[in-house]
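Dear colleague,

My notes on what was found in it follow, and I would be glad if you read them with the model open beside you.

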Amino acid sequence: MSGKRKRVVLTIKDKLDIIKKLEDGGSSKQLAVIYGIGETTVRDIRKNKEKIITYASSSDSTSLLAKRKSMKPSMYEELDRAMLEWFNQQRAKGNPISGPICAKRAEFFFYALGMDGDFNPSAGWLTRFKQRHSIREINIRNERLNGDETAVVDFCNNFRDFIEQENLQPEQIYNADETGLFWKCLPSRTSVNKGKCTVPGHKSVERVTIMCCANATGLHKLKLCVVGKAKKPRSFKSTDTSNLPVSYFSQKGAWMDLSIFRQWFDKIFVPQVREYLRSKGLQEKAVLLLDNSPTHPNENVLRSDDGQIFAKYLPPNVASLIQPSDQGVIATMKRNYRAGLLQNNLEEGNDLKSFWKKLTLLDALYEIAMAWNLVKPVTISRAWKKILPTIEEKEGLDFEEDISVATVATILQHTKGLENVTTENIEKWLEVDSTEPGYEVLTDSEIIRRAQGQTDESSENEEEEIELIPEKHINHAAALQWTENLLDYLEQQGDMILPDKLVIRKLRATIRNKQKMTNSSQ
């Protein structure tokens with residue numbers, strides 16, 4: 001007779017490991033044996049997968065997750081949700097946080113939420129709040145977190161020791177950062193209001209979140225990660241999103257969030273980094289350096305199955321000073337994007353108003369992908385000089401000239417309607433979204449509504465307005481006529497090569513066959 005199985009209580013980290021193994025095809029039966037638990041427990045973990053991941057993602061400490069065994073909620077759940085949202089935003093902004101500040105804010109939210117009874121934000125309450133969310137010590141008091149030069153020196157020294165201990169080369173060290181992009185914004189009297197750039201006489205211009213990621217040499221740039229509002233904007237039409245020049249995700253406010261970031265890390269970052277390092281004959285081991293954005297999950301969640309590719313966080317008091325992507329990389333990409341749009345308009349000979357009206361999100365994605373490709377390795381490599389001062393000398397990279405205001409002004413001189421735009425307006429246009437974060441910044445009122453489970457109706461309504469481009473049905477006869485016209489044009493051009501003509505002829509044959517099949521079925 002078999003003995004009774006010893007009761008095993010799993011930590012949050014254990015549950016995360018089981019979820020990863022289940023996602024990779026592991027069976028409940030095998031995992032139950034490995035962890036000494038019942039299959040029912042494994043199935044419960046699978047059922048509560050999102051809840052566990054969300055809890056772990058909002059945690060501040062990997063070591064505490066390895067000890068914590070429950071997700072016991074607070075008796076004031078709404079207050080807990082509001083405080084965690086507020087805390088994460090303050091940390092991301094680099095604002096000072098202390099015990100007294102947290103206590104005062106908790107008291108404010110308690111009464112603003114209309115909760116019953118008396119509430120005393122004591123030291124005991126603060127300790128339990130930190131334990132529930134695996135938050136490390138809150139001991140920074142009066143100094144402002146943004147711009148701590150002493151902390152910069154300490155972090156850089158510690159990080160260099162870390163990469164030496166881990167035996168990591170610059171090719172194995174990555175940084176990723178999000179930013180908002182106003183992709184349809186004219187260089188004339190622009191203004192920003194609640195996440196949108198507005199143009200006189202036009203509807204509000206759309207915004208997307210873009211995330212850049214590259215290694216410290218600048219020689220491996222991953223495809224941009226773009227978050228838009230619609231799952232499939234109308235301008236995509238029949239386009240397969242997997243064939244886009246960017247990795248496209250959707251979220252109702254076009255913000256990065258914990259779920260999207262985790263998907264990107266697991267499905268895009270880890271496989272592409274492995275492939276790159278393999279091609280260079282390097283060990284498949286890498287670190288991703290991140291800031292403290294509320295949309296970045298806990299380090300324990302951002303880890304490959306073998307633990308060799310993982311994330312590391314910049315301290316809140318140094319991120320604004322040394323994060324590589326913020327040292328000119330994102331700014332260069334955005335300048336490339338806007339200059340590219342103007343140049344395209346000039347080459348096509350359109351008047352600017354009609355060009356901008358016809359510009360779709362799909363057009364913008366191709367243009368921003370090109371703008372990212374134009375960011376040279378030297379720009380990225382030099383952005384790391386505060387953290388890795390020797391990398392520039394190792395790579396021997398040349399100087400890259402940035403897109404200047406003068407360059408844009410030259411293009412505008414040949415752009416109808418914008419010939420007299422001032423230098424000041426050009427500079428404002430180039431920098432219009434320079435401080436736009438990739439995550440949603442909530443007001444106190446919005447935090448309260450979200451904590452109470454209320455949704456933002458305006459955001460849901462706005463989603464329906466995306467890409468209101470009329471659907472066009474093109475029949476076989478029209479397509480065939482266009483193909484015939486294109487062939488006639490190619491025949492008249494003496495400099496067209498034979499393969500170009502053969503491709504169009506093959507396309508014409510395909511359309512003819514489709515037309516015959518349609519006619520025969522009628």
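**Notes on the predicted model**

The secondary structure of the protein chain comes to 22 helices and 8 strands, where helices (H or I, at least four residues) and strands (E, at least two) are DSSP runs numbered from the N terminus. This is a predicted model, in which local features need pLDDT of at least 70 and side-chain atom pairs count only at pLDDT 80 or more, while totals for chains, interfaces and linings use all residues. Residues are numbered from 1 along each chain as its sequence is written, and side-chain values use heavy atoms, with hydrogens and water left out.

Of the 522 residues of the protein chain, 47% count as buried; buried means under 20% relative accessible area, exposed means over 50%, and partly exposed lies in between, with a 1.4 Å probe and protein chains only. Taking contact to mean heavy atoms within 4.5 Å, 71% of the contacts between residues at least 6 apart in sequence join residues at least 24 apart.

**Nonpolar cores**

A nonpolar core is here a set of buried Ala, Val, Leu, Ile, Met, Phe, Trp, Tyr and Cys residues joined through side-chain atoms within 4.5 Å. The largest such core has 65 residues, of which Ile-173, Leu-224, Val-246, Met-333, Ile-368, Trp-372 and Trp-384 touch the most other members. Helix α14 (residues 361-373) gives the most to this core, with 8 residues. Apart from it lies another core, of 26 residues, among them Cys-213, Cys-225, Ile-268 and Val-273. Leaving aside neighbours within four places in sequence, Trp-384 is in contact with Ile-173, Tyr-174, Asn-175, Asn-215, Ala-216, Leu-289, Pro-324, Pro-389 and Ile-391.

**Cysteines**

With a disulfide taken as a pair of cysteine sulfur atoms within 2.5 Å, the count comes to 0 disulfides. Cys-212 is buried, at 1% relative accessibility, but its sulfur is too far for a bond because the closest cysteine sulfur, in Cys-213, is 8.9 Å away. Cys-225 is likewise buried, at 1% relative accessibility, and its closest cysteine sulfur, also in Cys-213, lies 9.8 Å away, too far for a bond.

**Helix packing**

For the helix pairs, axes are lines fitted to C-alpha atoms over the stretch in contact, and angles run from 0 to 180 degrees between N-to-C directions. Angles under 35 degrees count as roughly parallel, over 145 as roughly antiparallel, 65 to 115 as roughly perpendicular and the rest as oblique.

Helix α1 (residues 12-23) and helix α2 (residues 28-35) pack at an angle of about 150 degrees, with their axes 11 Å apart, and are therefore roughly antiparallel to each other. Their contact is made by Asp-14, Asp-17, Ile-18, Lys-21 and Leu-22 of α1 and by Ser-28, Leu-31 and Tyr-35 of α2. Helix α1 also packs against helix α3 (residues 39-47), at an angle of about 85 degrees and with the axes 10 Å apart, so that α1 and α3 are roughly perpendicular to each other. In this second pair, Lys-15, Ile-18, Ile-19 and Leu-22 in α1 meet Val-42, Ile-45 and Arg-46 in α3.

The axes of helix α6 (residues 77-93) and helix α7 (residues 99-112) come within 10 Å and cross at roughly 135 degrees, and the two are therefore oblique to each other. Here the contact is made by Leu-79, Ala-82, Met-83 and Trp-86 of α6 and by Ile-101, Cys-102, Arg-105, Ala-106, Phe-109 and Phe-110 of α7.

Val-227 has its place in strand β5 (residues 225-228) and counts as buried, at 0% relative accessibility. Not counting residues up to four places away in sequence, Val-227 touches Val-208, Thr-209, Phe-249, Ser-250, Gln-251, Ala-254, Trp-255, Met-256 and Ile-260.

One of these, Ala-254, has a positive phi of about 60 degrees although it is not a glycine; Ala-254 is found in the loop between β6 (247-250) and α10 (258-279) and is buried, at 1% relative accessibility. Asn-167, in the loop between α9 (149-165) and β1 (173-182), also has a positive phi, near 55 degrees, but Asn-167 counts as exposed, at 52% relative accessibility.

With best regards
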